[in-house]
Amino acid sequence: MTLRPEEWAALMLSLKVSGVAMLLSLPVAIYVAWVLARREFPGKALLSAVVHLPLILPPVVTGYLLLLTFGRNGAVGGFLESFGIVLAFRWTGAALAAGIMGFPLMVRAIRLSIEAVDPRLEAAAATLGAGRIVRFYSVTLPLIAPGILAGAVLGFAKAMGEFGATITFVANIPGQTQTLPSAIYAFLQVPGGEGSAVRLVVLSLIVALGAVLISEWLARKVAQRIGQG
Amino acid sequence: MSLQVDLRHSYPGISLDVQFEAGRGVTAVFGPSGAGKTSIINIISGISKPDGGSVQVNNRVLFDADTGVNVPPEARRMGVVFQDGRLFPHLDVARNLGFGARFAPGGLDRIELARVVAMLDLAPLMPRRPGTLSGGEKQRVALARALLSRPEILLMDEPLAALDDPRKDEVLPYLERLRDTTQVPIVYVSHSLSEIARLADRLIVLQRGRIVVSGSVEDVLSDPAALPFVGVREAGAVLPATVVGHEADGLSRLALSGGELLLPEVKAPPGSHLRIRVLATDVLLSLEVPTGISSRNILPVTIRSLHKGSGPGVAVQLQCGEDQLLARITSRAAEELSLCPGLECHAILKATAIPRGSIGLARSNIPT
C-alpha cells in the first residue's frame with residue numbers, strides 16, 4: 001500500500017498532534033488526578049465537573065469555545081499572540097483541541113490508579129522521613145505507572161480520533177491542520193476520493209491496534225517491575 | 001531519650017484522654033480493640049492530629065495544641081512498625097531498607113545497615129520483593145526499615161497481630177534481641193499479654209480511651225486489682241528465672257527466687273536468665289505440703305492480698321521469694337481454706353501449664 005503525499009501528510013500530522021497533545025497534557029492530568037484523588041477542598045466537585053466537561057459537551061461546542069477563547073480575538077488567544085504564539089487554524093491548535101478532548105479520559109484512568117494506592121503506604125513513607133514531593137515521586141508515582149500508561153494511551157487514541165472540536169477550532173487545511181479523521185472526511189466529500197479514504201481508514205486501524213498492543217505489553221512490563229504481576 | 005505524651009482526642013464512639021511518659025526500654029500499651037491504641041500511635045507519629053494536648057521528645061515539642069506547633073510526620077523522627085508491615089511493593093527488600101535510611105541524619109550508614117541486617121537475619125531476603133515474603137519476614141523487614149531511619153522513638157503498632165502463632169514465635173526472639181541492644185525507647189502496642197509479658201518493661205492498660213492501670217510489667221501483672229482489666233484468662237504474673245540444667249527425661253530445671261520449677265524442655269543453655277509468665281488460672285493453693293500429687297512444681301508462698309471481683313473468683317497475690325505470683329481461685333475455696341493476708345501456703349503449678357510462648361529471654365542476657 002503506497003500513500004499519496006497528502007495522505008502521508010495527514011498521517012504524520014495526526015501522529016505529531018496526538019503525541020504533543022498527550023505529552024503536554026499528561027503532567028497536568030497527573031496533577032489534577034492527584035488533587036481529585038487525595039485532596040479535600042471547597043470547589044472539588046466543580047473542578048471535577050469542569051475536567052469532565054469535554055466528555056459531555058458536543059465536540060463542536062468545545063471547538064467553538066476554544067475558538068472564542070484561544071482565537072486571535074479571544075481573551076487568551078490575544079494574550080498569547082503578543083508572545084508570537086498562534087493557535088487558531090494551526091497544528092498547535094489541533095494539539096490543544098486534541099489534548100483537551102483527551103484530558104478527562106487521562107484524568108479518570110490516573111485518578112482511579114491513585115485511589116487504588118493505599119494511602120497508608122504514603123503515611124509509612126512519611127514516618128520514614130520522606131516529604132510530600134519525595135513520597136509522590138518514590139512511592140505513589142511508581143505504583144500508579146500502569147494507570148498513567150493507560151491514561152496516556154487513552155489520551156493518545158482520543159487525540160488520533162478527535163474530529164469535531166478540531167475541525168471547528170482549526171478547520172481542515174491540508175498539510176497544516178488536516179488530521180487523519182479530517183482527511184477521511186474531506187476525501188469522502190469529493191468524487192473519487194474513496195480510495196484515499198479507505199487507505200486512511202486502514203491506517204487508522206493499524207495505528208489504533210498498534211497503540212493498544214504496545215500499551216498492553218508495556219503494562220505487563222510495568223506490572224512485573226513494580227512487583228504486582 | 002524520653003517521650004512525653006499528653007493527648008485528648010474524641011471521635012465517634014470514643015474519647016481519648018491519655019498521659020504517659022516512655023523512656024528507655026519497652027513501654028507496652030495494652031487494651032482491647034477499640035480502646036484507642038492505634039490512634040495513640042498515629043497521633044504520636046504525626047499521621048493524625050489530636051484535638052488537644054502535646055507530644056514531646058525530650059524537650060523537642062512535636063505537637064502542642066496550645067501553641068499550634070504540629071511537626072509533620074517526616075520531621076518527627078519516629079520509627080513506626082505497622083501491623084500490616086506496609087513495605088513498598090515496588091521495591092525489593094534492599095531498597096525498602098534503603099528508603100528507611102535515605103532520610104536518616106547522615107544518610108545510609110553501611111556499618112549500621114550491616115548490623116541491622118545481621119541482627120534480623122535479612123541477608124538472604126535482600127533481593128526479594130515484599131510480595132514473595134512470609135508475614136514474619138515482612139515484619140522483620142519493616143522493623144529493620146524503621147530502625148535504619150534512626151528514629152528517636154520506635155513505635156510498634158501490634159507488629160505480630162497479623163501473624164499466626166508459629167510466625168509469632170519466629171519473630172519474637174528478634175524483638176527480644178532488639179529490646180536488648182537498642183537505646184531507643186520503644187512504645188509497643190498490643191492486645192496480647194503473652195507478647196507484653198515477654199517483651200515489655202512497663203505496662204499501660206488502656207480501656208475506652210483512658211489509662212486504668214500502669215506500672216512495671218511485673219507489678220501490673222501480679223496486681224490482683226488489675227486482673228479485671230487484663231482479663232481473667234489472660235492474667236498471670238511474670239517472674240524471672242534462671243536455667244539450672246536440663247534433665248535426661250526432657251525436663252528443664254529452673255531456679256526462681258523462691259524455689260525451683262521443672263518445666264518441659266526449655267531451649268536455653270544453663271545460666272540463661274528467663275522471664276516466665278504463670279497464668280493465674282494455672283496456680284493451685286494448698287495449706288499443707290501436698291503429697292501424692294502429679295505436679296513436681298510446689299512453691300512455698302505467703303499470701304499478700306486477696307481481691308474479690310464481681311464474679312465467683314478471687315485473685316490472690318502471693319509472695320514467692322522476692323517475686324510475686326498471682327493465683328485465681330473460687331471465693332468458696334478461699335473461704336473454706338480461710339485464706340488471709342500473711343498466711344503461708346503452697347502454690348502448685350502444673351509443669352505443662354506454662355506454654356513455650358510464655359517463656360522469653362530476660363534482659364540480663366544482654367552481651368553488651
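# Briefing: strand pairing, domains and the chain contact

In chain B, strand E12 pairs with strand E13 (residues 251-256) in the antiparallel sense, over 4 bridges. This comes from a predicted model.

**Strands of chain B**

- The hairpin formed by E12(B) and E13(B) has 4 residues between the strands, and Gly250(B) takes a positive phi near 90° there.
- His246(B) has Ser252(B), in E13(B), as its bridge partner.
- Strand E12 of chain B, residues 236-246, also pairs with strand E15 of chain B, residues 273-279. The sense of this pairing is antiparallel, and 7 bridges make it up.
- Opposite Leu239(B) stands Ile276(B), a residue of E15(B).

**Domains of chain B**

- Chain B consists of domain 1, spanning 3-221, and domain 2, spanning 236-365.
- Taken over C-alpha atoms, the centres of domain 1 and domain 2 of chain B are separated by 32 Å.
- Domain 1 of chain B contributes 10 residues to the contact between the two, and domain 2 of chain B contributes 12 residues.
- On the side of domain 1 that touches domain 2, the elements giving two or more residues are helices H5 (165-181), H6 (193-199) and H7 (217-221) of chain B.
- H5(B) supplies the largest share of that side, with 4 residues.
- Sorted by class, this side of domain 1 of chain B has 5 charged, 4 nonpolar and 1 polar residues.

**Architecture of chain A**

- Chain A has 10 helices and 0 strands.
- Along the principal axes, the C-alpha atoms of chain A fill a box of roughly 70 × 45 × 30 Å.
- Of the 229 residues in chain A, 41% are buried.
- Among contacts in chain A with a separation of 6 or more, 75% join residues 24 or more positions apart.

**Contact between chain A and chain B**

- Chain A provides 16 residues to this contact and chain B provides 19 residues.
- Two or more residues on the side of chain A that touches chain B come from each of helix H6 (119-127) and helix H7 (132-161) of chain A.
- H6(A) gives the most to that side of chain A, namely 6 residues.
- The side of chain A that touches chain B comprises 10 nonpolar, 5 polar and 1 charged residues.

Definitions and conventions. Residues numbered from 1 in each chain as written. Chains lettered and ligands numbered in written order. Predicted model: local features only at pLDDT ≥ 70, side-chain atom pairs only at ≥ 80, totals over all residues. Buried ≥ 20, exposed ≤ 12 C-beta atoms within 10 Å, placed from the backbone. Contact = placed C-beta atoms within 7 Å. Domains from an automatic or database assignment. Nonpolar A, V, L, I, M, F, W, Y, C, P; charged D, E, K, R; others polar. Pairing = 2+ DSSP bridges.
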